[in-house]
Amino acid sequence: MDSGAATWSLEELQLATRNHGVPLEALRYPITPLGLHYLLIHFDIPVVDTDTWRLEVGGRVGRPLSVSLDDIRARPSVTQAVTMECAGNGRARVWPRVVSQPWVLEAVGTAEWTGTPLRGVLEDAGLLDDAIEVAFEGLDAGIDGGVEQVYGRSLSIEDATADEVLLVYESNGRPLLPQHGFPLRLIVPGWYGMTSVKWLDRITAISEPYQGYQQAKAYRYRQTEDEPGEPVTRMKPRSLMVPPGMPDFMTRERFVEAGPVTVEGRAWSGWGNIASVGFSSDGGHTWSPAELGEQAGPHAWRGWSVVWHPEHPGTYELCCAATDGAGERQPLDPPWNVGGYANNAVQRVQVTVR
């Protein structure tokens with residue numbers, strides 16, 4: 001699809017100004033500064049008074065809990081670096097067009113999240129034998145798909161009690177910012193960002209599948225509107241490069257001087273560690289391996305770099321493609337589904353060598 005041929009509606013532009021992605025040059029940071037981390041807000045940012053706020057834990061449990069933020073902070077704490085990506089990242093590059101938040105490539109970030117393992121809270125509440133899922137609901141309310149709702153998602157008991165799933169109250173060593181879920185949010189490493197419910201209000205163990213709109217209707221892979229589809233879960237492999245050289249203001253086309261050019265970026269997947277990253281300077285026709293770098297933790301993206309030696313002045317199309325430990329590789333062409341989810345097609349950057 002030629003993105004220049006798209007006509008964006010006022011409604012889509014409103015979404016684009018409320019939400020923001022990470023500037024691709026900020027991929028140089030292994031931990032994304034808080035103001036640069038991607039952001040998606042479905043409804044409005046709630047104003048929360050921590051003096052009265054309580055997290056309610058109930059449903060199919062033997063010992064319902066009502067806990068304050070101080071109670072949560074007094075529990076054993078864990079800090080872990082987690083890469084989070086919006087499920088709609090890449091939506092603006094699929095065709096036919098999907099009308100929603102028009103993400104291009106930048107809906108991603110990696111932060112150091114501090115909180116307490118969810119499993120310990122669920123153990124204290126005492127899950128009953130008939131509980132099959134745990135539902136998480138936030139304080140943000142609105143209308144989506146014609147349905148009035150609070151934002152809610154659920155996890156299976158197995159997924160909810162994984163060691164790495166946290167109830168988080170700090171990001172990069174600071175209390176959560178209002179837009180990132182203050183005072184408490186869920187963090188589910190490896191899953192697309194819609195899973196990590198913000199502004200947590202209640203956690204409910206349930207004996208039937210959760211039927212909240214964001215679980216049962218939205219965030220599902222479908223080829224037609226009327227099919228139930230499959231749920232969107234873990235992040236597919238993706239790599240992004242820091243566009244080299246200097247940009248044209250409007251087109252973002254890049255310009256570099258002749259000579260060796262270092263190209264660097266980050267790669268991640270929710271299905272396993274990054275096994276390799278390929279680099280192409282001819283639009284994906286030929287590939288060479290990039291050198292893999294360090295990662296901040298098992299749930300964080302991995303750095304990569306390559307030295308590119310353009311032979312002649314002219315225009316080149318640079319691409320990068322990640323392969324994860326499960327053997328899945330980024331496709332060259334965007335996959336399509338009704339929601340425009342998980343478009344992990346390779347990044348393409350136009351570069352003019354002068």
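The tour goes from ring pairs to charges over rings, then to a cavity and a hairpin.

Before you click: this is a predicted model, where local features need pLDDT of at least 70, side-chain atom pairs count only at pLDDT 80 or more, and totals for chains, interfaces and linings use all residues. Residues are numbered from 1 along each chain as its sequence is written, and side-chain values use heavy atoms, with hydrogens and water left out.

**Ring pairs**

A search of the whole structure turns up 4 aromatic pairs. Rings of Phe, Tyr and Trp (its six-membered ring) pair if their centres lie within 6.5 Å; planes under 30 degrees apart count as stacked, over 60 as edge-to-face and the rest as tilted.

Select Y38 and W103: they are an edge-to-face pair, 6.0 Å centre to centre with 80 degrees between the planes. Y38 is in the loop between α1 (10-18) and β1 (55-59) and W103 in the loop between β3 (78-85) and β4 (108-117), so this pair ties together parts 65 residues apart in sequence. (Helices, H or I, of at least four residues and strands, E, of at least two are DSSP runs, numbered from the N terminus.) W103 is buried at 4% relative accessible area; buried means under 20%, exposed over 50%, partly exposed in between, with a 1.4 Å probe and protein chains only.

Now pick Y219 and Y341, which are stacked at 5.2 Å centre to centre, with 25 degrees between the planes. Their loops are 122 residues apart in sequence, so the pair ties those parts together. Y219 is buried at 6%, and Y341 is buried at 10%.

**Charges over rings**

Next, show K236, which lies over the face of Y221, 5.2 Å from the ring centre. Then try R329: its charged end sits over the ring of W287, 4.7 Å from the centre. The rule is NZ of Lys or CZ of Arg within 6 Å of the ring centre and within 35 degrees of the ring normal.

**The cavity**

Which residues lie nearest the centre of the largest cavity? Select L40, R185, G193, S196 and K198, from a lining of 20 residues. On a 1 Å grid over the protein atoms alone, a cavity is a set of points where a 1.4 Å probe fits but cannot get out, and lining residues have an atom within 4 Å of a point.

**Last stop**

Finish at β19 (residues 291-295) and β20 (residues 302-308), which pair antiparallel over 3 bridges; pairing takes at least two DSSP bridges. A hairpin of 6 residues joins β19 to β20, and Q295 stands opposite R302.

Technical notes: 1 Å grid on protein atoms, 1.4 Å probe; cavity = no way out; pocket = protein on both sides within 12 Å on 5 of 7 lines; lining within 4 Å.
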